[in-house]
Amino acid sequence: STPTSSAPTQPIATSIFFFQAEDGIRDFCLSRGLGDVYKRQGINAEYMGKYFKRWRKQSKMQVERAAGSGKKKGTRISRWYPADDVERHFKRPSKAPRPTQLRRNIKPGRVLILLGGRFRGKRVVFLKQLKSGLLLVSGPFKINGVPLKRVNQSYVIPTSTDVDITGVDVSKIDDSYFAKLRAPAAKKSESAFFTAQTGKSEEEQKRLADKKKTQSQVDAALLNNIKKVELLKNYLSARFTLKHGQRPHELIF
């Protein structure tokens, strides 16, 4: 007979530790050595928890301070990004845009060459800089057909020729001089369609007459000074062109 033990048999307790790796491996052999990684992550999580508590406390104090001072209530910055794209309106960092600075080689009376637009290649006389930063120039109109117009200084070439502008009064000319009139919207109907007036209104005709008068006054003062200089009238009437073999960067204007 086989001897029997009076003491009951106890199961052997075995403990196996598994580590969850970042790549999804759940094997104690392959995930060996990750204890330091998770220990480091625990320390970082503890630090970040303290940081967010301090950040929430400071943001709450800022909101309460803004509410107590009567200013617009502040909004707490969210830690999460929105799931959808939120349209954000552009906000200029400065309260007012800086005025456009005039180029050093452009001064009142300087002859400029236009590089773009309807009158490209024409030579004009610079009169003054408007509030918008654009340049007020004139041909004069009787010499080369260029009226009083606004030009961006990026589209001109300054020359070394100057015209005397004494007696030329352009103090009353500003950006509103070039503004377009907006006609009141008329009701759409069949009778109004056939009786529509194609001509200009009285207000537009009056404004056009004032512009012609201002143009003639400016040109008269310029022509008197241009006639005093020999060949200056011919120089302003000639269009600037480049011939074969000419390099613009080698020219002296």
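**An open antiparallel sheet and its surroundings**

Strands S2 and S3 (residues 135-138) run antiparallel and are joined by 4 bridges. Strands count as paired if DSSP finds at least two bridges between them. Helices (H or I, at least four residues) and strands (E, at least two) are DSSP runs, numbered from the N terminus. The model is predicted: local features need pLDDT of at least 70, side-chain atom pairs count only at pLDDT 80 or more, and totals for chains, interfaces and linings use all residues. Residues are numbered from 1 along each chain as its sequence is written, and side-chain values use heavy atoms, with hydrogens and water left out.

The chain holds 5 helices and 5 strands. Along the sequence they follow the pattern α-β-β-β-α-β-β-α-α-α. Of its 253 residues, 21% count as buried. Buried means under 20% relative accessible area, exposed over 50%, and partly exposed in between (1.4 Å probe, protein chains only). Contacts were also sorted by sequence separation. Among those between residues at least 6 apart in sequence, 59% join residues at least 24 apart. Contact means heavy atoms within 4.5 Å.

The 5 strands form an open sheet in the order S4-S3-S2-S1-S5, with antiparallel pairing. S4 (149-151) and S5 each have a single partner strand and stand at the edges, so one side of each lacks a neighbour in the sheet. Neighbouring strands of this sheet are turned by 45° against each other on average, direction ignored. Axes are lines fitted to C-alpha atoms, for helices over the stretch in contact, and angles run from 0 to 180 degrees between N-to-C directions.

Strand S1 (residues 110-114) is mostly covered, with 5 of its 5 residues buried. Arg 110, Leu 112 and Leu 114 point one way from S1. Val 111 and Ile 113 point the other way. S1 pairs with S5 (residues 156-162) in the antiparallel sense over 4 bridges. Here Leu 112 stands opposite Pro 158 of S5. S1 is also joined to S2 (residues 123-129) by 3 bridges, and these two strands run antiparallel. The bridge partner of Val 111 in S2 is Val 125.

S2 and S3 form a hairpin with 5 residues between them. Gly 133 in the turn has a positive phi of about 95°. Gln 129 has Leu 135 of S3 as its bridge partner, and Phe 126 has Val 137. Leu 135 and Val 137 point one way from S3, Leu 136 and Ser 138 the other way, and all are buried. S3 is joined to S4 by 3 bridges, and the two run antiparallel. Leu 135 stands opposite Val 151 in S4.

Arg 123 lies in strand S2. Its relative accessible area is 11%, so Arg 123 is buried. Leaving aside neighbours within four places in sequence, Arg 123 is in contact with residues including Val 111, Leu 112 and Ile 113. Gly 139, Asn 144, Tyr 235, Leu 236, Ala 238, Arg 239 and Phe 240 are also among the contacts of Arg 123. The C-alpha atoms of Arg 123 and Ile 157 are separated by 9.4 Å, with the two residues 34 apart along the chain.

Helix H4 (residues 202-226) has 25 residues. From its first C-alpha to its last, H4 reaches 36 Å, close to the 36 Å expected at 1.5 Å a residue. The expected span is 1.5 Å times one less than the number of residues. Buried residues of H4 are Gln 215, Val 218, Asp 219, Ala 221, Leu 222, Leu 223, Asn 225 and Ile 226. An α-helix has 3.6 residues a turn, so residues three or four places apart point the same way. The cover over the buried residues of H4 includes S2, S3, helix H2 (141-144) and helix H5 (232-237).

Rings of Phe, Tyr and Trp (its six-membered ring) pair if their centres lie within 6.5 Å; planes under 30 degrees apart count as stacked, over 60 as edge-to-face and the rest as tilted. By this rule there is 1 aromatic pair. Tyr 177 and Phe 178 form it edge-to-face, at 5.0 Å centre to centre and 85° between the planes. Tyr 177 counts as buried because its relative accessibility is 15%. Phe 178 counts as buried at 17%. The charged end of Lys 211 sits over the ring of Tyr 177, 5.2 Å from its centre. This term requires NZ of Lys or CZ of Arg within 6 Å of the ring centre and within 35 degrees of the ring normal.
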